[in-house]
Amino acid sequence: MPGLPIRAALPSDGAFLADMTVEAATWRAGVSRPRHEIVSSPEHRRYIAGWMRPGDAGFVAESPTGEPVGAAWYRMLPRDEPGFGWIGTGVPELIIGVRPLWRAHGTGRALLQRLADHARGQGYARISLSVERDNYAVSLYRSEGFAVVRKGMGRDVMVKRLA
């Protein structure tokens, strides 16, 4: 499959990023949670509420017909409201989601690379994420230079050095 167009995320992409948060939270086949339950929960809402705040950045992949099919973005989360992958002040935490039909075709990798390049260009030395240990995306993250820095209950925090 040829590479899909990738564009910078816009303030108007908030609802789509919420959809991608749902995709990230329900990646397992057969696992379903209502969208409203995920996007209203504090642990997920922090990644999308008030998009696009100062310090937020992201990218959206689009199908050949212009439909958004995946997104990767990061936020700077405060110490008193850390995300799943929070490792410290000044380290953006990334979130990535791709619609199931577009997975395993390079969409996530292209988004991840674009976001890491952008973060590097913004002067960040590291970028973090959290992933459930049995998520097939772990191999993607490892191949893109992420390493486990903290193990948790069924999920790990991974970091990529950008500098």
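**Charged pairs and burial**

Author: Gladly! Arg109 has a relative accessible area of 33%, so Arg109 counts as partly exposed. Do keep in mind that this is a predicted model.

Reader: Thanks! What makes Arg109 and Glu144 a salt bridge?

Author: The closest N and O atoms of Arg109 and Glu144 are 2.5 Å apart, and the cut-off is 4 Å. This pair links distant parts of the chain, with Arg109 in helix α4 and Glu144 in the loop between α5 and β6, 35 residues apart.

Reader: And why is Glu144 called buried?

Author: Its relative accessible area is 13%, and buried means under 20%. Therefore Glu144 is buried.

Reader: Which residue does the side chain of Asp156 meet in a salt bridge?

Author: That is Arg133, at 2.9 Å from N to O. Asp156 lies in strand β7 and Arg133 in the loop between β5 and α5, so the pair ties together parts that are 23 residues apart in sequence. Arg133 is partly exposed, with a relative accessible area of 36%.

Reader: What makes Glu62 and Arg7 a salt bridge?

Author: Their side chains meet at 2.7 Å, N to O, which falls within 4 Å. Glu62 sits in strand β2 and Arg7 in strand β1, so parts 55 residues apart in sequence are tied together. Arg7 and Glu62 are also linked with Asp13 in a network of salt bridges.

Note on methods. Residues numbered from 1 in each chain as written. Predicted model: local features only at pLDDT ≥ 70, side-chain atom pairs only at ≥ 80, totals over all residues. Heavy atoms only, no water. Helix = DSSP H or I, 4+ residues; strand = E, 2+ residues; numbered from the N terminus. Buried < 20%, exposed > 50% of the residue type's maximum accessible area, 1.4 Å probe, protein only.
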